[in-house]
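Let's take a friendly walk through a protein model together. Have a look at the picture below before reading on.

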Amino acid sequence: MNVKFDVDDLGLNVISGTGSLSVALICQRCTESLVIDLDIEFTLSPAKNDEAAEALPSYYDAIELDENGEVNLLELVEEELILAIPLIAKHEPSQCQAPVDSVWGELPEELEKPNPFDVLKKIK
Ligand SMILES: [Zn+2]
């Protein structure tokens, strides 16, 4: 996990980062475990309020400051991770244990996303 703090040519604070991690999910077809690798990448600029957020160049995503005027980095990374995790995880067809004639439309109950805090522990 790499996070960089910078000030750009316009004098804006920029937080950029990249990271990769493995997440253990449950295959929604055969219900066996499935490990996927995620790569995340973000470029954000802190904004005090909506107005400031709208004034940002479009290549930055606005991030809201908390009540202390600070950025909560853990929350930030967590949000990026949640966005990166597929809602419905499945094996590649060649690696899936499910019988070929299984019904595709039916989903097991474990549709919940993994707890991001569990996921964070696995960050490389
Ligand atoms: Zn599977």
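## How the chain comes together

Among contacts in the protein between residues at least 6 apart in sequence, 53% join residues at least 24 apart; two residues are in contact if their C-beta atoms, placed from the backbone, lie within 7 Å. This is a predicted model, where local features need pLDDT of at least 70 and side-chain atom pairs count only at pLDDT 80 or more, while totals for chains, interfaces and linings use all residues. Residues are numbered from 1 along each chain as its sequence is written.

The protein has 3 helices and 4 strands, and from the N terminus on they follow the order β-β-β-α-β-α-α. Helices (H or I, at least four residues) and strands (E, at least two) are DSSP runs, numbered from the N terminus.

Now to the sheet. Its 4 strands form an open sheet in the order β1-β2-β3-β4, with mixed pairing. Because β1 and β4 each have a single partner strand, they stand at the edges, and one side of each is left without a neighbour in the sheet. Two strands pair if DSSP finds at least two bridges between them. Strands β3 and β4 run parallel and are joined by 4 bridges; Pro46 has Ile63 in β4 as its bridge partner.

Here are some elements with their residue ranges:

| Element | Residues |
|---|---|
| β1 | 2-7 |
| β3 | 33-47 |
| β4 | 61-64 |
| α2 | 73-84 |

Helix α2 lies across β1, β3 and β4, running at about 130° to β3. For such angles, axes are lines fitted to C-alpha atoms, for helices over the stretch in contact, and angles run from 0 to 180 degrees between N-to-C directions.
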